[in-house]
Amino acid sequence: MRSTNPAYWRRGQRRRQIRKLLGRLSIVPTAMLAMMLGALAVLGLQELDVGAWLRTAPAETAARGEEAITRNFAACGFVRVTCVVDGDTFWLDGTKIRIADINTPEVSSPQCAQEAALGRRATERLTQLLNAGPFTLARIDRDEDRYGRKLRIVRRDGQSVGMAMVAEGLAEAWQGYRGSWC
């Protein structure tokens with residue numbers, strides 16, 4: 001038998017109102033999370049350049065077991081998927097790659113103004129070279145360096161992109177240690 005006490009009914013009504021309010025509040029964080037994930041997905045897809053994946057590798061590079069790569073590179077920002085860090089380091093599809101046959105001036109912690117300026121020029125030039133057309137990544141004797149970066153030689157038409165930067169005075173051939181730019 002149900003109570004006819006009005007206080008009993010008011011308590012039940014209050015409980016229903018509270019449950020309804022809590023149900024609505026739980027939707028807000030879920031919606032915000034969904035919006036943030038959607039925004040990150042859109043940013044990631046733009047930087048991944050999905051259309052570039054549709055381009056195929058030339059037969060000669062496929063025969064050597066190397067895939068021809070064509071992507072759109074820009075300077076790295078907050079999201080690092082496919083971008084250029086500095087003159088000898090870049091990200092490709094979420095993998096950090098160190099060009100194994102060269103060393104370039106630092107841009108993050110230069111020791112002098114000359115190194116900073118040359119480092120910016122090397123970074124800009126590497127971005128241009130990577131965007132200039134299909135290139136391949138060749139493995140060396142070691143797969144990674146001590147920082148977890150993949151060690152690769154970047155080649156276009158059989159020629160080292162790194163050695164092109166050395167010829168332009170923007171890099172030095174890797175000798176196993178860093179040289180001074182000051």
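In the predicted model, the secondary structure of the protein chain amounts to four helices and eight strands, which follow one another along the sequence in the pattern α-α-β-β-β-β-α-β-β-β-α-β. Of the 182 residues in the chain, 35% are buried, and the accessible surface comes to about 11800 Å², with 57% of this area belonging to carbon and sulfur atoms. Among contacts between residues at least 6 apart in sequence, 51% join residues at least 24 apart.

The largest nonpolar core comprises 21 residues, and those with the most contacts inside it are Phe90, Leu126, Leu130, Leu137, Val154 and Met165. At least two residues of this core are supplied by each of β2 (89-92), β3 (95-99), α3 (113-131) and α4 (161-167), and α3 gives the most, with five residues. Phenylalanine 90, when residues up to four places away in sequence are not counted, touches Phe73, Cys83, Val84, Val85, Thr95, Lys96, Ile97, Ile99, Leu126, Leu130, Leu137 and Val154.

Two aromatic pairs were found. Phenylalanine 73 and phenylalanine 90 form an edge-to-face pair, at 5.7 Å centre to centre and with 85° between the planes; this pair links distant parts of the chain, since phenylalanine 73 belongs to the loop between α2 (59-63) and β1 (83-86) whereas phenylalanine 90 lies in strand β2, 17 residues apart. Both phenylalanine 73 and phenylalanine 90 are buried. The rings of phenylalanine 73 and phenylalanine 135 have their centres 6.1 Å apart and their planes at 45°, so this pair is classed as tilted. Here too distant parts of the chain are linked, with phenylalanine 135 placed in the loop between α3 and β5 (136-144), 62 residues from phenylalanine 73. Phenylalanine 135 is buried, as is phenylalanine 73, and the ring pairs link Phe73, Phe90 and Phe135 into a cluster.

Threonine 123 lies in helix α3 and, with a relative accessible area of 11%, is buried because this value falls under the 20% cut-off. A polar atom of the threonine 123 side chain lies 3.4 Å from the backbone nitrogen of glycine 87. Apart from neighbours within four places in sequence, threonine 123 is in contact with Val84, Val85, Asp86, Gly87 and Val107. Elsewhere in the model, arginine 98 lies over the face of tryptophan 174, at 5.2 Å from the ring centre.

Notes
Residues numbered from 1 in each chain as written. Predicted model: local features only at pLDDT ≥ 70, side-chain atom pairs only at ≥ 80, totals over all residues. Heavy atoms only, no water. Core = buried A, V, L, I, M, F, W, Y, C linked by side-chain atoms within 4.5 Å. Buried < 20%, exposed > 50% of the residue type's maximum accessible area, 1.4 Å probe, protein only. Contact = heavy atoms within 4.5 Å. Areas by Shrake-Rupley, 256 points an atom, 1.4 Å probe, with all protein chains shown as cover. Polar contact = N/O pair within 3.5 Å; in protein donor to acceptor, adjacent residues only side chain to side chain. Phe/Tyr/Trp six-rings, centres within 6.5 Å; stacked < 30°, edge-to-face > 60°. Lys NZ or Arg CZ within 6 Å of the ring centre and 35° of its normal.
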